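Welcome! Open the model in your viewer, switch to a cartoon view, and follow the stops below.

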Amino acid sequence: YTRGQWNGFNNEVAYMEIGNEPDSSGFWTGSPLQFYQLYVETAKALRAEFPTLKIGGPGITQGGFSQPIGQQWLNNFLDHVKANGAPLDFLSWHLYSNDPAQFATAAAYYRQVLDAQGFASAETHVTEWNASGSNTSSSTNAEYRAKARGAAVNTATWIHLQEQGVNQAFFYHSSDVAPIDGKLYGLFAIDG
């Protein structure tokens, strides 16, 4: 694709994330070991073909820092990557919360785990984040995603992410299919 094939473009891609919440059954239906192996094989093949590409993943859910089962999944993933000599230039994670301090806690946890596992040079990326909309009404979503409270939460979150040394942060925005998006995922609505 980066060489102009398949209607692609001739620019270098800087980062490649492998995986999207494979620690949950919503996106990955295989076993954890099958994902670890997929990551290792894909990362090694990418590194062989694109030596300057930064390779990472897996876009782990917030259970990766907040739940013992998620913490174990992450440790097993890192053990497998290290044991198989696969590249991990960045660890990516996701978090939806109305509490900016949770972002600081998550970022500090992931940094500590990476350092302890021998990945001190790996970057940390939060590749999906936003306010939490779980089990809330549309009016609550609006408070946290489209009004002054949301602006305050977002600003505090950005500060925490910077203070914790997160290298990349991607604000999640679902596509607006109607002028009124009940989840209000974006910074801007379809009407601007």
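This is a predicted model. Begin by selecting Gly118: this residue lies just after helix 4 and takes a positive phi of about 90°.

Now step back and select helix 4 itself, residues 100–116. At its start, look for Asp99, where a side-chain oxygen comes to within 3.0 Å of the backbone nitrogen of Ala101. Next, try the distance tool on the end C-alpha atoms of helix 4: they are 25 Å apart, which agrees with the 24 Å that its 17 residues should span at 1.5 Å a residue.

Which residues of helix 4 are buried? Show side chains for Pro100, Phe103, Ala104, Ala106, Ala107, Tyr109, Tyr110, Val113 and Leu114 to see them. Their cover includes strand 2, helix 2 (63–66), helix 3 (68–83), strand 3, strand 4 and helix 6.

Five of them make an open sheet with parallel pairing, in the order 1-2-3-4-5. Strand 1 (15–17) and strand 5 (168–171) are at the edges with a single partner strand each, so one side of each has no neighbour in the sheet. On average, neighbouring strands are turned by 25° against each other, direction ignored.

Zoom in on strand 3 (residues 90–96) and strand 4 (residues 123–130), which pair in the parallel sense over seven bridges. Click Tyr96, and you will find its bridge partner, Asn130, in strand 4.

Finally, see what packs on this sheet. Helix 4 touches strand 2 (54–60), strand 3 and strand 4, and its direction makes about 155° with that of strand 3. Helix 6 (residues 148–163) touches strand 3, strand 4 and strand 5, and its direction makes about 170° with that of strand 4.

Key: Residues numbered from 1 in each chain as written. Predicted model: local features only at pLDDT ≥ 70, side-chain atom pairs only at ≥ 80, totals over all residues. Heavy atoms only, no water. Pairing = 2+ DSSP bridges. Helix = DSSP H or I, 4+ residues; strand = E, 2+ residues; numbered from the N terminus. Axes fitted to C-alpha atoms, helices over the stretch in contact; angles between N-to-C directions. Contact = heavy atoms within 4.5 Å. Expected span 1.5 Å × (residues − 1). Buried < 20%, exposed > 50% of the residue type's maximum accessible area, 1.4 Å probe, protein only. Polar contact = N/O pair within 3.5 Å; in protein donor to acceptor, adjacent residues only side chain to side chain.
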